[in-house]
Amino acid sequence: MLDLQRRKARGRRGLALVEGVRLVEEALAAGLKLRGALVSPDLERTARGTALRAELKRQGITIEDVSARALEKLADTETPQGIVAVVEPRKWAADELPLAGGGVVLVIDGVQDPGNVGTLIRTAHALGAAGTVVLRGTADIVSPKALRAAMGATFRHPVVALDDTGFIAWARKHGVTLWAAAAVGTPLHRALPDPGRGKGDGGRDSPIAVIVGNEGAGVRPQLNAVSTKRVAIPLSQGAESLNVAVAAGILLYEVLRGH
């Protein structure tokens, strides 16, 4: 399990570490395959933990009992809840994203903080986005911190990793209109789709991809260049910016509401 603390090992093996009662419960509920779990005595200090252990046993998942100290070496939190499991996240293909009827997709471009990345995925899932695309430079979506921030959304919400070329080709193939979040751009309320317009011109039947960029640099120039619109959230005088996950939540909510 130790090697799964590294991004390259997670990518190579197609596995991730899931820590804590809530996340293991979410992985089970989403129907993901669990390869095994390490459990310390701390797990059964609560009724919920005891029930989780019983469910793992019922499903035939291998459980290895270890000391609390041994579990701490694998855990990413300061106060582990007594369980770390190895899970096989689902892999999605770009063409599996449900775009029929004008789906809205979140695109994460180079967001480096795993907490922000997890919150972005949680937000996209909660607001009903068709899926999320992660581009180069973005933190690992199955790192322990990103998984905790996503609160289980990563196990249910379609997330696809693409390079720039693959993303642009996918967008063109499916007629996806690209909107890039920007500090200076068309105010959001003016950019929203016109109800009278139809497929292929940014109307209600046209899929839209909302791109949010790196916490400091924003969306990269090459993606701005291929975007139909640069959309800004008007802020009060003196306010410099919003957290990227907060901005994405506002953008997605308004686009989905008007779409």
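Mentor: A crossing is right-handed if the near helix is turned clockwise from the far one by less than a right angle, and left-handed if anticlockwise. In this predicted model, H5 passes H10 in a right-handed crossing.

Trainee: Why is H5 called roughly parallel to H10?

Mentor: The axes of H5 (residues 114–127) and H10 (residues 244–257) cross at roughly 15° and come within 9 Å. Angles under 35 degrees count as roughly parallel, so H5 is roughly parallel to H10.

Trainee: Which residues of H5 and H10 make the contact?

Mentor: H5 contributes Asn116, Thr119, Leu120, Thr123, Ala124 and Leu127, while H10 contributes Val244, Ala245, Ala248, Gly249, Leu252, Tyr253 and Leu256. By class, nine of these residues are nonpolar, four are polar and none is charged. Gly249 belongs to the contact, and Gly counts as polar.

Trainee: What describes the packing of H2 with H3?

Mentor: The axes of H2 (residues 21–29) and H3 (residues 47–58) come within 11 Å, with a crossing angle of roughly 35°. H2 passes H3 in a left-handed crossing. Val21, Arg22, Val24, Glu25 and Leu28 of H2 meet Arg48, Gly49, Leu52, Glu55 and Leu56 of H3. This contact has five nonpolar, one polar and four charged residues.

Trainee: What makes Arg90 count as lying over the face of Trp92?

Mentor: Arg90 is at 3.5 Å from the ring centre of Trp92. The rule requires CZ of Arg within 6 Å of the ring centre and within 35 degrees of the ring normal, and Arg90 is accordingly listed as lying over the face of Trp92.

Trainee: How many aromatic pairs are counted?

Mentor: The count comes to one aromatic pair, with ring centres required to lie within 6.5 Å.

How values were computed: Residues numbered from 1 in each chain as written. Predicted model: local features only at pLDDT ≥ 70, side-chain atom pairs only at ≥ 80, totals over all residues. Heavy atoms only, no water. Axes fitted to C-alpha atoms, helices over the stretch in contact; angles between N-to-C directions. Helix = DSSP H or I, 4+ residues; strand = E, 2+ residues; numbered from the N terminus. Parallel < 35°, antiparallel > 145°, perpendicular 65-115°, else oblique. Contact = heavy atoms within 4.5 Å. Phe/Tyr/Trp six-rings, centres within 6.5 Å; stacked < 30°, edge-to-face > 60°.
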